[in-house]
There are 2 protein chains.
Amino acid sequence: MLLRMSTLLLKTLREEPADAEVPSHRLLLRAGYVRRAAPGAYTWLPLGKLVLDRVSAILRDEMAAAGGQEVAFPALLPREPYDVSNRWTEYGDDIFTLKDRRGGDYLLAPTHEEMFTLLVQDMTSSYRDFPLVLFQIQTKYRDEARPRGGLLRGREFLMKDAYSFSLTDDGLEEAYASMRVAYQRAFSRLGLSHTIVSAMSGAMGGSASEEFLATAEVGEDTFVGCTSCSYAANTEAVVTPAPESPRVTAPALEVHDTPDTPTIASLVDLANARALGGRSDWTAADTLKNVVVTVHTPGRPDEVLVIGVPGDREVDLRRLDAALAPATATLFDDFAARPDLVKGYIGPQGIKARYLADPRVVAGSAWLTGANEPGRHAINVVAGRDFTPEGTIEAADVRAGDPCPACGAGELTMRRGIEIGHIFQLGRRYTDAFKLDVLGVDGKPVRPTMGCYGIGVSRAVAAIAEQHHDERGLLWPDEVAPADVHIVAAGKDGQVAAALELAGELVAAGLRVLVDDRPQVSAGVKFTDAELIGVTRSVVVGRRSAEGYVEFRDRRTGERNDVAVTDIPRVIATSLG
Amino acid sequence: MLLRMSTLLLKTLREEPADAEVPSHRLLLRAGYVRRAAPGAYTWLPLGKLVLDRVSAILRDEMAAAGGQEVAFPALLPREPYDVSNRWTEYGDDIFTLKDRRGGDYLLAPTHEEMFTLLVQDMTSSYRDFPLVLFQIQTKYRDEARPRGGLLRGREFLMKDAYSFSLTDDGLEEAYASMRVAYQRAFSRLGLSHTIVSAMSGAMGGSASEEFLATAEVGEDTFVGCTSCSYAANTEAVVTPAPESPRVTAPALEVHDTPDTPTIASLVDLANARALGGRSDWTAADTLKNVVVTVHTPGRPDEVLVIGVPGDREVDLRRLDAALAPATATLFDDFAARPDLVKGYIGPQGIKARYLADPRVVAGSAWLTGANEPGRHAINVVAGRDFTPEGTIEAADVRAGDPCPACGAGELTMRRGIEIGHIFQLGRRYTDAFKLDVLGVDGKPVRPTMGCYGIGVSRAVAAIAEQHHDERGLLWPDEVAPADVHIVAAGKDGQVAAALELAGELVAAGLRVLVDDRPQVSAGVKFTDAELIGVTRSVVVGRRSAEGYVEFRDRRTGERNDVAVTDIPRVIATSLG
């Protein structure tokens with residue numbers, strides 16, 4: 001493959017694009033890989049399309065190696081299957097929907113669980129047809145409220161989605177383990193440093209869901225590690241270790257006047273100043289903060305929910321949403337309509353709304369909390385005696401230094417990452433919904449169980465750019481680079497002809513070559529563009545080319561060496577490894 | 001590449017699918033290449049995806065060889081650019097439109113002229129950036145009123161669309177000629193016999209638009225050839241040769257009572273019976289039939305149009321639509337609202353509606369036609385004397401035996417085809433709409449001129465299936481076949497192991513191999529499936545495999561030969577050519 005910059009559709013930008021907030025977005029725009037076409041939608045330019053295709057090819061290769069078979073579904077689908085699974089309703093505003101000319105309801109599919117399940121129902125009949133892994137690399141749509149980060153979170157994007165169908169739970173474990181290895185291999189080939197984190201609370205089954213997070217400062221996902229064990233989890237999945245219940249019961253509940261203490265800080269100050277309950281060591285952690293939210297469940301009326309968390313914690317709305325999914329929550333603000341909820345002075349005792357508490361609110365724990373009257377609080381409010389939550393909820397924020405829920409010995413550390421892959425033991429949700437049964441070995445029907453495995457292909461390109469760049473430009477890993485070598489013709493005394501001759505030889509040797517043969521562009525501009533474009537291996541055909549020497553540059557190591565032009569094929573082959 | 005039928009997602013159908021009306025659709029369903037996912041939308045199964053990818057690869061290859069650069073646009077696009085070109089309105093019901101969560105108008109793009117033009121405007125600035133050919137292979141959407149023929153006319157389909165940008169009209173001619181050659185090469189590699197036909201009337205510029213039609217009985221497009229020259233055209237593009245104007249002027253117009261003659265046949269009978277004008281040789285061709293239609297122009301009020309054609313012709317609504325595009329027409333039926341239009345007795349003289357006539361209605365020609373009164377007709381109604389059409393229109397049907405408009409000597413013959421490609425000198429419609437100017441050689445702005453070049457990729461798969469099948473199944477041309485060879489293990493005495501061993505050797509030699517290693521399937525079923533699937537080269541590993549012999553079958557020639565298994569790689573290599 002030969003790409004000539006004299007004809008290539010490419011315009012590099014010297015200036016930082018105004019609306020690009022993350023490095024990958026800025027560099028992919030500046031180096032001419034993509035252009036914005038619409039909010040959250042990008043056009044792939046020739047260099048970008050090459051990188052996207054390289055990434056797709058690696059994924060296709062690893063999926064096939066893991067026994068995956070490639071199919072391709074339409075993106076525009078009728079409503080019916082998504083009604084069977086209830087996802088038409090659950091997705092709400094997050095999907096694009098439309099009507100066709102006959103008034104039929106359609107959606108632009110955000111994922112294809114329903115279609116994969118229906119296809120397997122159509123194409124299989126017996127245990128002999130299993131296990132089965134199917135995948136596609138296909139354009140997906142989500143009506144994101146806030147598309148951001150260029151390719152990181154778009155409204156139209158390329159996904160590799162795979163589904164495994166197994167007859168037994170053990171079979172699902174095997175398929176999951178095999179795809180997990182395939183993902184590790186694929187991300188390693190893509191040059192993506194990543195951490196595999198639990199994406200679902202242990203309560204729901206340990207490794208049943210894991211995310212592959214590419215470590216990056218601009219990542220939207222916060223995840224935790226442990227200082228002493230191998231635990232790693234998305235913050236949404238962190239399980240709060242519940243302390244032991246106190247052995248001694250607190251004295252009876254007492255209500256005190258606490259005027260002007262609508263905040264935790266003002267309450268703690270007053271409690272200590274007045275030595276409530278004979279103590280002057282009150283801290284925010286002794287108080288119980290009760291946060292009112294409105295829960296929005298698609299297809300159902302909104303509901304008011306009160307969440308109790310220790311006063312030194314905040315409610316993390318992302319953790320809350322994860323706990324409530326598919327419902328979402330927003331802060332409640334219509335206190336005028338609910339006089340029973342006294343803003344700033346809410347307590348869980350006798351509360352008339354649904355009440356869920358942080359796992360730290362164990363039976364027997366005593367709290368300083370609101371008395372449900374303006375200007376009054378209560379002490380010795382004991383869980384299990386003065387109030388009983390309807391359950392616990394993981395809504396409090398997770399912080400560096402929190403105890404590790406896995407080993408108990410270490411402390412949590414916090415990092416940021418980009419979700420590049422998600423593997424998930426889906427189970428029988430969809431095979432149940434569509435009543436997919438096949439003939440078992442014993443002649444009785446068996447219902448297959450599914451795993452789902454997704455990689456954001458366009459997002460992976462951005463994640464690679466986040467991890468592989470410096471202040472001068474991109475630094476593509478070899479397997480995804482748009483070319484193996486970038487030849488720069490630096491000079492006007494036959495260097496262009498010499499560069500093209502060398503390019504021809506390298507192409508004949510099977511290399512993918514980008515050659516800067518632009519006649520009216522200075523060597524300086526060409527070097528700057530080469531650094532921006534990010535093919536890390538370059539050959540400068542300059543003054544000494546007439547003597548048979550060129551300069552070989554490796555931007556990763558910074559090395560620059562004059563090399564006999566006849567030696568270049570060998571030098572590049574060595575460098576490619 | 002090794003495909004094992006024991007694990008392949010494949011279920012062949014013995015029965016004809018109920019809703020498949022054309023051979024390609026029936027066979028692609030029966031052989032397990034596609035499944036219907038929604039009206040006009042198909043899922044590609046593993047074998048189908050392989051063929052689709054082979055077709056795409058050939059197109060990509062030929063586009064690159066012709067200097068095309070690949071890009072990829074989103075499918076979901078905002079309304080604005082399509083308002084600039086007026087196509088948001090012109091497309092009307094034919095496109096899928098939707099609103100995003102903020103209420104913004106979007107469409108699923110049926111084609112991307114606007115986006116290509118905007119991209120070139122963004123990425124270029126000077127004559128040095130031209131000429132330029134860009135292409136993409138991308139999913140397109142059309143809300144077809146009547147999706148039909150499986151992949152032949154769908155609502156979601158894969159297109160290869162290319163655009164050339166040239167600075168001069170000569171440059172456009174060159175780009176067009178180069179793409180025309182690339183298309184011929186591509187279709188030849190795809191094994192598609194085709195005819196290149198004019199797709200636009202000569203009046204608008206000869207070769208400015210040509211269609212590639214794959215000859216097929218099930219084709220939706222009718223095209224004409226000539227018995228004595230090389231003329232070929234879509235029926236929509238056929239230009240009716242106008243006869244010479246008569247030298248002698250007819251006598252004055254006479255009105256006659258012609259009761260109960262609402263049809264041409266009844267009128268001709270009466271005219272001959274009464275010897276109107278002293279003649280008894282009236283034929284339908286002497287009468288002028290006036291057909292009333294309603295013209296629907298997107299974004300404008302409907303308009304009544306009367307079309308005059310010789311009474312031995314019918315109005316062909318497809319030709320009429322082509323002549324009126326982007327407007328469309330339907331037969332007018334509200335005669336109660338227009339008492340001036342006397343149904344069955346309309347004449348062009350004094351008509352109050354817009355009136356266009358067939359090119360045969362030349363100045364001086366005299367007609368038997370309606371007198372605009374119930375039960376009365378007029379003779380000697382002379383064009384240019386008694387009435388003057390506002391213009392001519394190509395709306396009359398074209399028939400075998402009509403004179404050739406190109407040579408005048410031959411007669412037209414009629415054939416049917418599937419439109420697999422369309423090339424078109426678009427000119428400056430879009431560069432004008434978006435005011436795309438670049439710096440010219442002389443320092444003045446130049447407006448580029450465009451060509452557009454499309455191939456229906458998924459439709460091409462169906463067209464290949466139409467041209468390459470027999471009563472037993474598909475017969476894929478080598479370059480698009482899902483495998484190079486189909487190995488059938490016929491027997492249970494080690495034949496499966498032997499077949500897999502041979503398959504491994506052939507894969508190692510670089511061949512793509514499909515092996516039928518299903519353990520519980522009879523040889524007869526395997527042979528039937530192999531014929532249906534349509535890899536034309538097969539190797540049967542049967543009884544004699546223990547002696548080192550297998551049978552090589554070529555389904556194209558029907559030959560079957562026992563061959564030493566060690567000789568198979570050479571035999572296949574020879575056969576692949």
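Trainee: How many of the five residues in strand β28 (residues 485-489) of chain A are buried?

Mentor: Five of five, so to speak a mostly covered strand. Buried means under 20% relative accessible area, exposed means over 50%, and partly exposed lies in between (1.4 Å probe, protein chains only). Strands are DSSP runs of E with at least two residues, helices are runs of H or I with at least four, and both are numbered from the N terminus.

Trainee: What kind of model is this?

Mentor: A predicted one: local features need pLDDT of at least 70, side-chain atom pairs count only at pLDDT 80 or more, and totals for chains, interfaces and linings use all residues. Residues are numbered from 1 along each chain as its sequence is written, chains are lettered from A and ligands numbered from 1 in the order written, and side-chain values use heavy atoms, without hydrogens and water.

Trainee: Back to β28(A). Which residues sit on which side?

Mentor: A:Val485, A:Ile487 and A:Ala489 are on one side. A:His486 and A:Val488 are on the other. Both faces are covered.

Trainee: Which strand does A:Ile487 face, and at which residue?

Mentor: A:Ile487 stands opposite A:Val515 in β29(A). The chain gets from β28(A) to β29(A) through helix α11 (residues 495-508) of chain A, in a right-handed β-α-β crossover. Right-handed means that, with the strands pointing away from the viewer, the path from the first strand over the helix to the second runs clockwise.

Trainee: How many bridges join β28(A) to β29 (residues 513-516) of chain A?

Mentor: Four, and the two strands run parallel. Strands pair if DSSP finds at least two bridges between them.

Trainee: And what about β30 (residues 537-541) of chain A, parallel or antiparallel to β28(A)?

Mentor: Parallel, with four bridges. One pair there is A:Val488 with A:Val540.

Trainee: New topic. Where are the cis peptide bonds?

Mentor: One joins A:Phe130 and A:Pro131, with omega about -5 degrees. A:Pro131 is in the loop between α5 (113-123) and β8 (132-141) of chain A. Another joins B:Ala325 and B:Pro326, with omega about 5 degrees. B:Pro326 is in the loop between α8 (317-324) and β17 (328-331) of chain B.

Trainee: Is A:Asn380 buried or exposed?

Mentor: Buried, at 15% relative accessible area.

Trainee: And A:Lys435, buried or exposed?

Mentor: Exposed, at 59%. A:Lys435 also has a positive phi, about 50 degrees. A:Lys435 is in the loop between α9 (429-433) and β23 (438-439) of chain A.
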